[in-house]
Amino acid sequence: MALKRITKYGWMALGLLFFSAHAFSQLSPGDLSKAHAPLEGLNNCTKCHVLGQKETTANCLKCHTEIQQLIDKKQGYHASTDVKGKNCAECHGEHFGRDFKIAPLNQTTFDHNLAGFQLEGKHSRLNCRDCHKPELIVNHISQKKGKTWLGLGSECLSCHTNYHQNTLSDNCLGCHDQNAFRPAPGFNHAETPYPLIGQHQTVDCVGCHKVTTRNSQKFQQFAGIQFSNCTDCHQDVHDNKFGPDCRKCHNEFSFNTLNANHSFDHDQTNYPLSGKHKELDCKACHQNSLTQPLKYQQCNNCHPDYHQNQFAQDGVSPDCAECHAVTGFSPSTFTLEKHQQTSFPLEGAHMATPCFECHRQNDTWDFSNKGTNCTHCHENFHEDALPEKYGSQNDCNYCHSVNSWSEIAFNHSLTHFELKDRHLQVSCSDCHFSSGAEGTLVQKFSGLESACESCHADVHFRQFAQNNQTECERCHSAQSWSAENFNHDTARFKLEGEHAKLDCQSCHKPTEGLTPNYIVYKFEDISCASCH
């Protein structure tokens with residue numbers, strides 16, 4: 001309103017200049033502003049004023065062509081509804097002195113929407129001169145740069161550097177908005193020739209669109225990216241061993257998840273699958289990544305050493321394949337021929353003994369070196385009963401054979417009692433084993449007497465004892481129990497005549513009324529009357 005009043009009074013003063021008395025016809029209503037100072041003087045009045053008219057807008061626009069051009073294009077503030085139809089003098093007064101601001105602007109209350117460029121996002125938080133600065137003014141004469149609010153383009157690239165360096169469209173708003181350059185909310189990758197699916201949707205843009213330097217400026221390539229093959233972006237970890245089409249096995253959702261109908265041929269790798277390996281899921285071996293190289297030269301590259309280095313030599317264990325096959329861990333392929341090459345070749349009954357009898361204890365296989373002595377596997381049945389001179393207590397081979405435990409090859413002649421005749425047919429236990437208390441078994445191999453009665457009962461109840469000892473050999477032999485060595489002619493009663501024809505039982509009869517009952521062979525009285 002103050003401006004309008006000033007303008008009103010200005011026109012009144014101008015009217016007085018031309019139509020009043022001659023005393024005022026030579027006087028100006030006031031000094032021009034600095035911008036119009038070169039037009040000072042009566043000779044220049046008509047450059048702005050039309051004689052007889054108050055309106056000067058036409059002359060203003062003849063000089064301020066940049067505004068005329070914007071009005072013609074219906075652009076900018078002067079083409080807005082707030083200004084359209086107004087005279088220039090209604091807003092821009094003159095003749096109020098050199099320091100008078102012809103184009104006053106309240107930066108706080110100015111409605112930028114009227115200028116044809118709505119401030120949004122970050123633009124709404126900028127100071128006016130952040131954008132309205134000389135280097136960005138393109139449509140104004142150079143001497144006015146920095147003194148005007150005009151001359152800015154409304155296109156993004158009129159203020160901002162072309163980050164894409166003309167590789168994309170100049171229509172920045174097709175992808176970006178005024179909130180931030182990143183992200184680009186208007187961009188939809190699904191509308192490009194390469195829609196993103198699966199894990200590609202989670203990848204940061206720079207993962208595919210690398211940031212480099214071009215023309216000494218930071219540059220990110222979006223156009224011209226090759227995408228016909230996976231290897232355009234991804235390294236072929238298989239070195240083209242399976243061909244260039246990764247999609248035969250893989251998909252965009254997970255590299256580690258193979259397609260349900262994939263036709264991956266493991267035989268094309270350096271480790272063709274066979275046996276049980278064919279039944280395994282890929283992740284059973286490729287636990288971390290399907291592409292991570294695996295060691296496969298030895299079984300223990302994947303399988304733990306079940307035997308815990310029992311077969312290690314110089315700290316190195318042999319490969320499992322020496323005893324096992326991929327068709328199954330059991331049965332073992334360790335043959336009898338291989339066992340014969342060990343420190344314990346199998347002989348006799350050992351050849352018919354199953355492996356678990358010796359090598360499996362408490363449900364655990366044990367193939368450690370058990371030693372070669374019998375007692376390393378077998379219990380020492382005799383304990384300390386055997387004399388040391390007849391062989392080591394831990395070496396059963398001195399008496400027994402690997403063919404059978406009952407097959408005994410002990411040389412009894414080495415003792416003080418050589419076995420002969422019927423004694424050769426007697427079992428060792430008949431002489432050397434006896435029953436102890438509470439059904440225990442008592443063994444005795446040393447300190448045995450050689451007298452017959454030390455083993456055999458004296459059925460004659462010491463009738464033939466001499467010096468408190470009965471010598472059975474006087475009548476009997478080891479070949480037969482019959483008294484084949486007895487000669488009646490050497491006895492006290494020599495058989496003669498009819499006596500020689502009698503059976504033994506005719507004279508030697510059992511005792512009567514005695515317990516135990518036995519046959520009497522020795523008589524105190526050998527007279528005829530004792531029998532007849």
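Predicted model: local features only at pLDDT ≥ 70, side-chain atom pairs only at ≥ 80, totals over all residues.
Q: Which residue of E6 is the bridge partner of His400?
A: E5 and E6 run antiparallel. Across this pair, the bridge from His400 reaches Ile408.

Q: How many helices and strands does the protein chain have?
A: Both kinds of element are DSSP runs, numbered from the N terminus: helices are H or I with at least four residues, strands are E with at least two. On that count, the protein chain has 11 helices and eight strands.

Q: What is the radius of gyration of the protein chain?
A: The value is taken over C-alpha atoms, and the globule rule is 2.2 Å times the number of residues to the power 0.38. For a compact globule of 532 residues, that rule gives a value near 24 Å. The C-alpha atoms here fill a box of roughly 220 × 45 × 40 Å along the principal axes. The radius of gyration of the protein chain is 65 Å.

Q: What percentage of the 532 residues is buried?
A: Buried means under 20% relative accessible area, exposed over 50%, and partly exposed in between, with a 1.4 Å probe and protein chains only. The accessible surface (Shrake-Rupley, 1.4 Å probe; for residues, only the protein chains shown count as cover) comes to about 39000 Å², with 53% belonging to carbon and sulfur atoms. Of the 532 residues, the buried share is 17%.

Q: How far apart are the mean positions of the positive and negative charges?
A: Lys and Arg count as positive, Asp and Glu as negative; His and the chain ends are not counted. Each charge is placed at NZ of Lys, CZ of Arg, CG of Asp or CD of Glu. The chain holds 45 positive and 59 negative charges. Their mean positions are separated by 26 Å.

Q: Which residues does Asp421 touch, beyond those up to four places away in sequence?
A: Asp421 lies in the loop between E6 and helix H10 (428-432). Its relative accessible area is 37%, which means partly exposed. Thr213 is 208 residues away in sequence and 113 Å away in space, C-alpha to C-alpha. Contact means heavy atoms within 4.5 Å, and on that basis Asp421 touches Ala478 and Gln479.

Q: Which residue of E2 is the bridge partner of Arg214?
A: Strands E1 (residues 211-214) and E2 (residues 217-220) run antiparallel, joined by four bridges. Thr212 has Phe219 as its partner in E2. The partner of Arg214 is Gln217.

Q: What phi does Ser216 take?
A: Most residues other than glycine have a negative phi. Ser216 sits in the loop between E1 and E2 and counts as exposed because its relative accessibility is 75%. In this hairpin, Asn215 takes a positive phi near 55 degrees. Ser216, though not a glycine, has a positive phi of about 65 degrees.

Q: Why does Arg462 count as partly exposed?
A: Arg462 lies in the loop between strand E8 (441-443) and helix H11 (504-507). It is not a glycine, yet has a positive phi of about 60 degrees. It counts as partly exposed because its relative accessible area is 37%.

Q: What is omega for the peptide bond from Ser330 to Pro331?
A: Most peptide bonds are trans. The bond from Arg182 to Pro183 is cis, with omega near -10 degrees, and Pro183 lies in the loop between helix H5 (128-131) and helix H6 (205-208). Pro331 is placed in the loop between H7 and helix H8 (336-339). The bond from Ser330 to Pro331 is cis, with omega near 5 degrees.

Q: What distance separates the C-alpha atoms of Cys233 and His209?
A: Cys233 is found in the loop between E2 and helix H7 (282-285). Its relative accessible area is 48%, so Cys233 is partly exposed. Along the chain, Cys233 and His209 are 24 residues apart. Their C-alpha atoms are separated by 9.9 Å.

Key
Residues numbered from 1 in each chain as written. Heavy atoms only, no water. Pairing = 2+ DSSP bridges.
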